[in-house]
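Welcome! Let's walk through this one together, one question at a time.

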Amino acid sequence: MKSPPIAKTPCKAMHFTELHFHLLPGVDDGPADMEEAVELARTAREEGTRTIVVTPHVRAEYVTDPAELPDRAGSLRRELAREDVGIEVHVAAELGHEMVAELSDEALDSVALGPTAARFLLMEAPFFGPADGFHAAAEELRSRGFGVLVAHPERSAGLVAGGLAGVLEELRRGSRLQVNAGSLLGAHGSEPAQAGRAIVGAGLAAAIASDAHGTHRPPLLTRGVEAAIGCGLPSGSAHRLASAGPAELLLRGVPEARLPAVSA
Ligand SMILES: [Fe+2]
């Protein structure tokens, strides 16, 4: 019996870019070793991904000194090149909001993305509790010159409560939103699925990402694009969430947008 063909991206000219992906080995709950990391990167490449931003957890139980991450990413890049995987690696972090006050501007910048004038950080939306601490940390980042990309807002009970009130507030303050492909597929439960589909269906997401962790949580962008189409997006817009959308965030960044001035 013939094995099924490897899924191809709908548009070969526009490759996928992953903005949230646990690919650094041995630092968090992502791949345990370099061998698993290479296998994971290869799976992403077969899906049509050419760029992966590695985003290890920066929070108390994992990495607390983000300055160590660029060197670790360098080791990964060398191994991927040696294995001819064909993935471009950028280094960042999935920043716990409680870490913002603990880290220097220099430490934050070591895991920020985007051009000099519009550096931004991927900050993890907390799963439980009210969103006040998250909003305060996002405001602190903006006040220190960094834009904010919210990691999986749909998984945060505090941000989605009250008809996505906290999500809309972050958008109003200038944050961009990254929705997990797995959420759209129901992998994180019914409430994140509902919230994620509402965010994507309303055109509020800047990107979808796999938030891959290993063979147990693999790359999902092909299925994520299909799920975004299922949310009501035109095919091109759905594909853009996994390709041009994240690529443009890397290129142009996220300005530390402030609330718009009220005209007299
Ligand atoms: Fe993550």
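Q: Which residue in β6 is the bridge partner of Gly96?
A: This is a predicted model, so the pairing is read from predicted coordinates. Strand β5 covers residues 94-96 and strand β6 covers residues 120-124, and they pair in the parallel sense over three bridges. On the β6 side, the bridge partner of Gly96 is Glu124.

Q: In what order do the six strands form the open sheet?
A: The pairing in this sheet is parallel. β3 (57-58) and β9 (207-209) each have a single partner strand, so they stand at the edges, with one side of each left without a neighbour in the sheet. The order is β3-β5-β6-β7-β8-β9.

Q: Leaving aside neighbours within four places in sequence, which residues are in contact with Ile208?
A: Ile208 is among the residues with the most contacts inside the largest nonpolar core. Leaving aside those sequence neighbours, its contacts are Val179, Ala181, Leu221, Gly224, Ala228, Leu241 and Ala242.

Q: At roughly what angle do the axes of α1 and α2 cross?
A: Met34, Ala37, Val38 and Ala41 in α1 meet Leu76, Glu79 and Leu80 in α2. α1 passes α2 in a right-handed crossing. The two axes come within 10 Å, and they cross at roughly 65°.

Q: Is Gly26 buried, partly exposed or exposed?
A: Gly26 lies in the loop between β1 (16-21) and α1. Leaving aside neighbours within four places in sequence, Gly26 is in contact with Ala32 and Asp33. A residue needs 20 or more C-beta neighbours within 10 Å to be buried, and 12 or fewer to be exposed. Gly26 has 13 inside that distance, so Gly26 counts as partly exposed.

Q: Over which residues does the pLDDT stay under 50 or fall below 50?
A: The protein averages a pLDDT of 92, and 92% of the residues score at least 70. Where pLDDT is low, the predicted coordinates should not be read in detail. One such stretch has twelve contacts beyond four places in sequence, and this is residues 1-12. Another has one contact beyond near neighbours in sequence, and this is residues 259-264.

Notes
Residues are numbered from 1 along each chain as its sequence is written. This is a predicted model: local features need pLDDT of at least 70, side-chain atom pairs count only at pLDDT 80 or more; totals for chains, interfaces and linings use all residues. A nonpolar core is a set of buried Ala, Val, Leu, Ile, Met, Phe, Trp, Tyr and Cys residues joined through C-beta atoms within 7 Å. Two residues are in contact if their C-beta atoms, placed from the backbone, lie within 7 Å. Helices (H or I, at least four residues) and strands (E, at least two) are DSSP runs, numbered from the N terminus. pLDDT is the predictor's confidence in each residue, from 0 to 100. Two strands pair if DSSP finds at least two bridges between them. Axes are lines fitted to C-alpha atoms, for helices over the stretch in contact, and angles run from 0 to 180 degrees between N-to-C directions. A crossing is left-handed if the near helix is turned anticlockwise from the far one by less than a right angle, and right-handed if clockwise.
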